[in-house]
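Welcome! Let us look at a structure together and ask how each description of it can be backed up.

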Amino acid sequence: MKLARVAEPFHLQFEEASVPDLTEDQVLLKILCFGVCASDMQIYHGKHKYCAMPVVMGHEVCAIVEKTGKNVKGFHVGDKVTIEPQVTCGECYPCRQGRFNVCEHLKVIGVHMDGCNCEYFAIDPRYLHHVPQDMKDEMVALVEPLAVGVGSIKRSQMFKDGNVVVVGAGTIGNFVAQAAKGLGAGKVMVTDINQKKLDYAKECGIDYAVNTSACSLKDAIEDAFGDRKADVIVDCVAIPSVFADIIAAARPNSEIILTGNYKAPVNFEIPMVQRREISLIGHMMYVWEDFEDAIRLMNEGKITISKTVSQVFPFSQYQEALNFADEHPDDVMKMIIKM
Ligand SMILES: [Zn+2]
Ligand SMILES: [Zn+2]
């Protein structure tokens with residue numbers, strides 16, 4: 001079978017490998033397609049903080065069960081599945097509380113260990129979620145990023161019937177906003193400086209899509225929501241200057257959810273948080289239920305993905321796809337690579 005490995009920054013190496021041997025407890029997957037994530041781009045650029053090269057990326061997957069080990073229950077040849085790529089210890093305190101996403105020994109398939117940028121992949125079935133057999137392949141590959149959106153908004157205690165503002169209209173921001181609406185938020189606003197991504201957020205049914213190159217985040221929020229402002233602001237941008245705007249725009253007694261991956265430290269006035277009783281809430285990926293919610297929302301037709309998939313490339317042109325993403329960052333939402 002073929003696989004693609006990031007051998008060094010900006011360089012994919014295509015290799016011929018044998019189809020993995022199965023243990024009696026594993027499932028062999030035939031990969032149908034996978035998504036390229038912002039974190040994949042960080043790995044590919046050699047800028048991912050927690051990933052060492054060489055590595056086979058790939059954690060947003062649509063696959064079919066090709067073969068099952070003899071002890072495997074609940075999965076059969078031909079089942080359509082996606083992977084929840086968190087490998088957790090199951091023993092640390094967060095794991096015992098069911099917060100596997102913040103396991104003290106968390107590893108992610110396709111980041112800390114080889115992933116699914118290959119034709120066949122052997123895996124323990126506990127990492128698999130069934131999806132409806134008729135769900136489109138590309139939609140199945142989008143379940144993982146949508147689960148990030150679900151996991152993000154569910155960190156909030158205030159989003160139900162509340163005013164939610166999502167800063168950043170890329171794939172994750174778009175999915176946080178759509179998940180918020182699908183799970184019962186009141187009004188949802190998305191902000192960005194990329195008008196194309198904002199227009200798309202509008203098409204996805206987001207109530208407000210505001211270009212903050214023309215006005216401040218604070219004004220945008222007050223114009224739309226009056227003195228109640230935002231109950232929740234979700235940061236999907238992770239840029240220090242934007243964080244300053246978020247702090248300035250936040251209302252006393254509101255929540256700020258940190259979903260984007262910051263690459264640099266941020267300086268800010270702690271009294272702006274302390275004296276106004278703002279909750280700064282960290283967020284990391286998802287738990288099992290978030291994945292199931294994502295599959296349900298997708299299946300109920302509550303998520304628009306007409307333009308979320310911005311490009312589709314065959315596996316043979318994966319290197320060209322990554323080059324394209326580097327050359328046209330504003331035109332890329334989610335790239336799908338088909339096997
Ligand atoms: Zn991802
Ligand atoms: Zn753990």
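Predicted model: local features only at pLDDT ≥ 70, side-chain atom pairs only at ≥ 80, totals over all residues.

Q: How do you know whether the radius of gyration of the protein chain agrees with that of a compact globule?
A: For 339 residues, a compact globule would have a radius near 20 Å, and the protein chain has 20 Å, so the two agree. Along its principal axes, the C-alpha trace spans about 60 × 45 × 35 Å. Residues 24 or more positions apart account for 70% of the contacts with a separation of 6 or more.

Q: Which atoms are the protein donors of the zinc ion (ligand 2)?
A: They are the SG atoms of Cys-89, Cys-92, Cys-95 and Cys-103, lying 2.3 to 2.4 Å from the ion. Donors have to be within 2.8 Å of the metal, so these distances qualify. Along the chain, the donors follow the spacing C-x2-C-x2-C-x7-C.

Q: Why is the site of the zinc ion (ligand 2) called tetrahedral?
A: Four donors count as tetrahedral if all angles lie between 85 and 135 degrees. The angles among the four donor atoms here are 102 to 121°, so the site is tetrahedral. For comparison, the ideal angle for four tetrahedral donors is 109.5 degrees.

Q: Why is Cys-95 called buried, and what is Cys-89 called?
A: Buried means under 20% relative accessible area, and Cys-95 has 3%, so Cys-95 is buried. Cys-89 has 28%, which falls between the 20% and 50% limits, so Cys-89 is partly exposed.

Q: What coordinates the zinc ion (ligand 1), and what parts does the pair Cys-37 and His-59 tie together?
A: Cys-37 (SG), His-59 (NE2) and Glu-60 (OE) coordinate this ion at 2.2 to 2.4 Å. Cys-37 lies in the loop between strand E3 (27-36) and helix H1 (38-44), and His-59 in the loop between H1 and strand E4 (61-68), so the pair ties together parts that are 22 residues apart in sequence. Both Cys-37 and His-59 are buried.

Q: How do you know where the buried residues of helix H7 sit around the axis?
A: In H7 (residues 217-225), the buried residues are Leu-217, Ala-220, Ile-221 and Phe-225. They cover an arc of only 100° around the axis, so they are on the same side of H7. An α-helix has 3.6 residues a turn, so residues three or four places apart point the same way. The buried residues of H7 pack against strands E10 (163-167), E11 (187-192), E12 (208-211) and E13 (232-235), and against helix H8 (240-249). Just after H7, Gly-226 takes a positive phi of about 60°.

Q: Why is Met-285 called buried, and what is Phe-10 called?
A: Met-285 has 15% relative accessibility, which is under 20%, so Met-285 counts as buried. Phe-10 has a relative accessible area of 46%, between 20% and 50%, so Phe-10 is partly exposed.

How values were computed: Residues numbered from 1 in each chain as written. Chains lettered and ligands numbered in written order. Heavy atoms only, no water. Donors = N, O, S within 2.8 Å, 3.2 Å for Na, K, Ca; no water. Tetrahedral: all angles 85-135°; square planar, octahedral: opposite > 155°, others 65-115°. Buried < 20%, exposed > 50% of the residue type's maximum accessible area, 1.4 Å probe, protein only. Helix = DSSP H or I, 4+ residues; strand = E, 2+ residues; numbered from the N terminus. Arc of directions from axis to C-beta. Contact = heavy atoms within 4.5 Å. Rg over C-alpha atoms; globule rule 2.2 N^0.38 Å.
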